[in-house]
Amino acid sequence: MEVEQVLRMNGGIGEASYANNSLVQQKVISLTRPIREEAITSLYYKKIPRTVSIADLGCSSGPNTFFVVTEIIKAIENLCRELNQNSPEYNVFMNDLPGNDFNNIFRSLDSFKQNLMISNNNNNKFEKNSCGPCFLFGAPGSFYGRLFANTSIHFVHASYSLQWLSKVPEGIENNKGNIYMSSTSPLNVLNAYYEQFRRDFSFFLKCRGEEVVEGGVMVLTFLGRRSDDPSSKECCYIWELMAAALNQMVLEGIIKEEQMDAFNIPQYTPSPSEVKLEVQSEGSFTINRLEVSEVNWNAYENNWNAMDSESEEFESLIDGGYNVAQCMRAVAEPLLVSHFGEDIIENVFSRYQTLLTDSMSKEKTKFFNVTVSLTRNA
């Protein structure tokens, strides 16, 4: 499987699209906002350059695409007012693999620029603000390689993208019955995944080290884990349930066993210590903050208290198994289709939803996020 050719989120605005199933990612972005604001303040607490270049790596497409960029630009504009400086010009680079729905991004450009001009004042009333010119560019390609000119980027952001590997690790043919690391995976499988992560993340840091200006910053959020055990339920359980759905279909003869054994997810969910080790080993950046946060698998749960328990909206959102299955489908469907074909998709996600519902009724399920703020060394 050539990861660059098949790894993408579901495009469009349909029921199974990433645009309609990315609330988890939005909540993670909101949780990590203080870290980004601190990074911006530390970068520009004295003087703001005439041009600020921002890169969002793994931007996907949907309601979250411009969420962080808008937030960053507004934070810089607030600093301009505090420092009594003129607004800079902004170069914004939206990066993802070529299969991403870039057309959807560009169709949203006008609303993005309009939103930049509006802020919410202290009295919760919207008011129009000035803002420096903003120029947006698509930057298709893998971030496990060079994307930008030397010393040209001031702020790099990536959220829920760097856990994806450049390729499926080699030498894991004995990971039978699994599609990812799990409690039943042989030790060589766990080691292969970790070594692939190390190679990928180290090269990512090297490339960004050449592209980010001295003193520039990066804020990166991984889907990760607290535990030092790479096969812990914190990071692997959600894939183990998908593997269980696929294994049901193997037993019923719907999927061939050799197809199942040849499928593995190109992802690694690192611990904070693993992220720290690679940053320190590669040497281009200094760590400012390294934190772990968490969000429920069913991101709608946090909204329940504010809703009428008898409303139709509440009834639809309480079906956690459906919500999580749709979230995972928006992420995993292209990978599954490329390997198994389209015919199995409805069947596998129906089974997956049932397994998720059962599991979530018995225990609290959460995603864990590792966020690191970095400064480019001199």
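**Figure 1. Phe201 and Phe222 are both buried.** The view comes from a predicted model. The two ring centres lie 5.3 Å apart with the planes at 90°, so the pair of Phe201 and Phe222 is edge-to-face. Planes over 60 degrees apart count as edge-to-face. Phe201 belongs to helix α7 and Phe222 to strand β7 (residues 212-224), so the pair ties together parts 21 residues apart in sequence.

**Figure 2. Aromatic pairs, with Phe197 and Phe201 as the example.** The whole structure holds 17 aromatic pairs. One of them, Phe197 with Phe201, is stacked, at 5.6 Å centre to centre and 20° between the planes. Helix α7 (residues 187-211) carries both Phe197 and Phe201. The two are four residues apart, about one turn of the helix. Are Phe197 and Phe201 buried or exposed? Both Phe197 and Phe201 are buried.

**Figure 3. One aromatic cluster takes in Phe143, Tyr144, Tyr194, Phe197, Phe201, Phe204, Phe222 and Tyr268.** Phe204 of this cluster also has a charge over its ring: the charged end of Arg208 sits there, 4.9 Å from the ring centre.

**Figure 4. Lys233 lies over the face of Tyr237.** The distance to the ring centre of Tyr237 is 4.2 Å. Lys233 falls within helix α8 (residues 233-251).

**Figure 5. Strand β1 (residues 51-57) is mostly buried.** Six of its seven residues are buried, so β1 is largely enclosed by the rest of the structure. Which strands pair with β1? Strand β2 (residues 89-96) is joined to β1 by seven bridges, and the two run parallel. Strand β6 (residues 153-159) is joined to β1 by three bridges, again in parallel. Asp56 shows both sides of the arrangement. Met94 in β2 stands opposite Asp56. In β6, Asp56 has His157 as its bridge partner.

**Figure 6. Arg36 is a buried charged residue of helix α3 (residues 33-43).** How is the side chain of Arg36 joined to that of Glu71? The link is a polar contact of 2.6 Å. The relative accessible area of Arg36 is 0%, under the 20% cut-off, so Arg36 counts as buried. With neighbours within four places in sequence set aside, Arg36 contacts Ile29, Val68, Glu71, Phe155, His157 and Val219. His157 in that list is the bridge partner of Asp56 in β6.

**Figure 7. The largest nonpolar core has 77 residues.** Phe201, Phe204, Leu220, Met242, Leu246 and Tyr352 have the most contacts inside this core. Which helix gives the largest share of the core? Helix α8 (residues 233-251) does, with twelve residues. Met242 is in contact with Ile179, Met328, Ala332, Leu336, Phe349 and Tyr352, leaving aside neighbours within four places in sequence. Another core lies apart from the largest one and has 32 residues, among them Ile73, Met94, Phe102 and Cys134. Met94 of this other core is the β2 residue opposite Asp56. Nonpolar side chains tend to be buried together in soluble globular proteins.

**Figure 8. Asn323 sits in helix α12 (residues 320-340).** Its relative accessibility is 11%, so Asn323 counts as buried. The side chains of Asn323 and Asn298 make a polar contact of 3.2 Å.

**Figure 9. Pro169 lies in the loop between β6 and α7.** At 5% relative accessibility, under the 20% cut-off, Pro169 counts as buried. What does Pro169 touch, not counting residues up to four places away in sequence? Pro169 touches Ala192, Tyr193 and Gln196. Pro169 and Asn264 are 95 residues apart in sequence. Their C-alpha atoms are 8.7 Å apart in space.

**Figure 10. The whole protein has 13 helices and nine strands.** Of its 378 residues, 54% count as buried. Among contacts between residues at least 6 apart in sequence, 82% join residues at least 24 apart.

Methods
Residues numbered from 1 in each chain as written. Predicted model: local features only at pLDDT ≥ 70, side-chain atom pairs only at ≥ 80, totals over all residues. Heavy atoms only, no water. Buried < 20%, exposed > 50% of the residue type's maximum accessible area, 1.4 Å probe, protein only. Pairing = 2+ DSSP bridges. Phe/Tyr/Trp six-rings, centres within 6.5 Å; stacked < 30°, edge-to-face > 60°. Lys NZ or Arg CZ within 6 Å of the ring centre and 35° of its normal. Polar contact = N/O pair within 3.5 Å; in protein donor to acceptor, adjacent residues only side chain to side chain. Contact = heavy atoms within 4.5 Å. Core = buried A, V, L, I, M, F, W, Y, C linked by side-chain atoms within 4.5 Å.
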